[in-house]
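Subject: Structure for your files

Hello,

Here is the structure I said I would pass on. My notes on it follow below.

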Amino acid sequence: MDSKEFRRRGTEMVEYICNYLETLEQRRVTPSVEPGYLRHLLPDEAPDDPEPWEKIMADVESKIMPGVTHWQHPRFHAYFPSGNSYPSILGDMLSDGIGCIGFSWAASPACTELETIVLDWLGKAIGLPDQFLALKPGSKGGGVIQTSASECILVSMLAARAQAIKYLKQQHPFVEEGHLLSKLMAYCSKEAHSCVEKAAMISFVKLRILEPDERCSLRADTLIKAMEEDEQQGLIPFFVSTTLGTTGSCAFDDISEIGDALQRFPSVWLHVDAAYAGNAMICPELKYLLKGIERADSFNTNPNKWLLTSFDCSTLWVRDRIRLTSALVVDPLYLKHGYSDSAIDYRHWGVPLSRRFRSLKLWFVLRSYGITGLQNYIRHHIELAKRFERLVQKDNRFEVCNEVKLGLVCFRLKGSDRITEKLLISINASGKLHMVPASVNERFVIRFCAVAQNATIEDIDYAWDVITDFAAEILEKEQADEVTEIVDRRKTHTLAQKRSFFVRMVSDPKIYNPAINKAQTPRMSTELTSPTVDGTVVTVQSPNTPGSASWISWPLAFLFANSEDGPKNDMPLRFRHLDTKVRLSASRRNSATGGGSSPSPEGENGIVLAKSPKRSPIMMRRRGTSPSGPAPANSNGGNNK
């Protein structure tokens, strides 16, 4: 591609970007693809021969865009804003066009000096004290652009670690640095960003994560108590990371209170992470949130979040740049130059050596919008968040879970965490909105943030309509499931109750069935009768123990005695395990009409037990026949089924 084609393709690219940003709302906010989708769309190897530009751009639209999460989408309300604007894009284009590697002043003087000037501009606009500004007379501080807030916290912790080791070596010159390193303890709130934990891992230091108060704010008494406990254990506090505008709920640690309390620990480095909220402090009415910053050793914020500057652009200021650079200086001969003693070399201010000309895009943004334009942009986002907060508060199904000071609202459905989680999953799966969860005071919440550069009231109202529609559907289904669950539970309980009642009823019928108690349970005959071949009846008398239970359960006896049609002598019942048949004896009134068997001893309905002729070995021996012989002719014992 030569310059002629670059002009043409560059114009086309600008047009493509403009169309993309102008028609974003026509696209799905999140992709509906699964991991590995792109691998199946692209070849396994790079092409051997050049491909036409038209084909490349066609693949961008057909293969790349379906897998893009559109952070600039008006329906994207996750995380925090991803700063972007046309001046910023042009600044990145120019930076890429220049292509310098600004690791030192000599490598590109303009790259270094513009960064110093722009960081002083922004620091003044935020309201940082003079000791954080590089160009103030007598100041030892200054600012630098890092890739992200994670890197800002890491280099601050590395500087604090180097300072602590140096201080301890002076006190204990014969102790190895490795042993001193094992004693260092850093601190942060549970609400702090996870990058603090990663920085501690990289720095090989211990980290103690502290509980915030009910407003998710880290307080001085909690911190000092922990530090004193650790000192008693032989550990050495050296670094405290506080947060202005936490990721989860945009809560604010009390840095004024903490800064005052840390005066008792002069060797401890106090860092303030204001990645999102720090940008808002260019507004005069929000500078109160910065109270206590004069006690801090370092401060960072991300213009690539809320100042319309594209990633990467995280700004870090330190009160003493010598303490920062002394931890990171590596000065080989090939990087030295004639102005090393009088100029800033930003390669000593961070982890990477190579640095892009990132100050260009921030410079473009500050000049294109001005401080007033950026203040209006931030105020507009805050007002959108306040509108959303009011909508949530008007609906008694929902509750707001954070103090809305800036552009983030944390909300949830009242009830269990499971319902709110279902709501978020359903909304995100639909592709109509995109939000992310957080935990606030051990409760599952949904984070809603105004992020799009040109977000409008209509966008907020649309989002609320989507949320309430899904909420109504989920709550209706939840109620139906709850009713079904209650019915099933009652059925199960009723069945268990019936089974339990039957067991108790069998065990003691007179207690659980008054009808049985009134009717008196029929007693069993204690005689076993069986006819012989010549017609005589042999009676086997069983032991009659007073009060002993009958071998047949009383429910069967009660059933036989209280059947609607009365006892039926022609209905024998056979019990396999007793090798016995059961017949109902006739009642007294049946006996008067020539009924069958004699009544029970009480003269009421009873049961006569007849031994089966075929299965009675006693009677077989009395008749002199074998058990395998022919069955007797008596028809009363003929039914063995």
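Two strands are taken as paired here if DSSP finds at least two bridges between them. The model is a predicted one, and the notes below should be read with that in mind.

Strands β4 and β5

By that rule, β4 (residues 236–243) and β5 are a pair: five bridges join them, and the two strands run parallel. One of the contacts across this pair is between V240 and L270, the latter being the bridge partner in β5. Is β5 enclosed or open to the outside? Five of the five residues of β5 (residues 269–273) are buried, so the strand is largely enclosed by the rest of the structure. Both of its faces are covered, with W269, H271 and D273 buried on one side and L270 and V272 buried on the other.

V409 has F448 of β11 as its bridge partner.

Salt bridges

The structure holds 37 salt bridges. Three of them are described here.

The side chains of R356 and D92 meet at 3.5 Å, N to O. R356 is in the loop between α11 (321–325) and α12, while D92 is in helix α3 (residues 86–98), so this pair ties together parts that are 264 residues apart in sequence. R356 counts as partly exposed, at 29% relative accessibility. D92, at 13% relative accessibility, counts as buried because the cut-off for buried is under 20%.

K190 and E211 form a salt bridge at 3.3 Å, N to O. K190 lies in the loop between β2 (184–189) and α7 (195–203), and E211 in the loop between β3 (206–210) and α8 (220–232); the two residues are 21 residues apart and link distant parts of the chain. K190 has 34% relative accessibility and counts as partly exposed. E211 also counts as partly exposed, at 49%.

D395 and R397 meet in a salt bridge at 2.7 Å, N to O. D395 is buried at 13% relative accessibility, and R397 is partly exposed at 26%. Elsewhere, salt bridges that share partners join D92, D96, D312, R356, R358 and K361 into one network.

A nonpolar patch

On the surface, V14, L90 and M93 form a nonpolar patch, with about 260 Å² of accessible area together. V14 is in helix α1 (residues 3–22) and counts as partly exposed, at 39% relative accessibility.

Regards

Note on methods: Residues numbered from 1 in each chain as written. Predicted model: local features only at pLDDT ≥ 70, side-chain atom pairs only at ≥ 80, totals over all residues. Heavy atoms only, no water. Helix = DSSP H or I, 4+ residues; strand = E, 2+ residues; numbered from the N terminus. Salt bridge = Lys/Arg side-chain N within 4 Å of Asp/Glu carboxyl O. Buried < 20%, exposed > 50% of the residue type's maximum accessible area, 1.4 Å probe, protein only. Patch = residues over 30% accessible without salt bridge, like charges linked within 9 Å, V, L, I, M, F, W, Y side chains within 5 Å. Areas by Shrake-Rupley, 256 points an atom, 1.4 Å probe, with all protein chains shown as cover.
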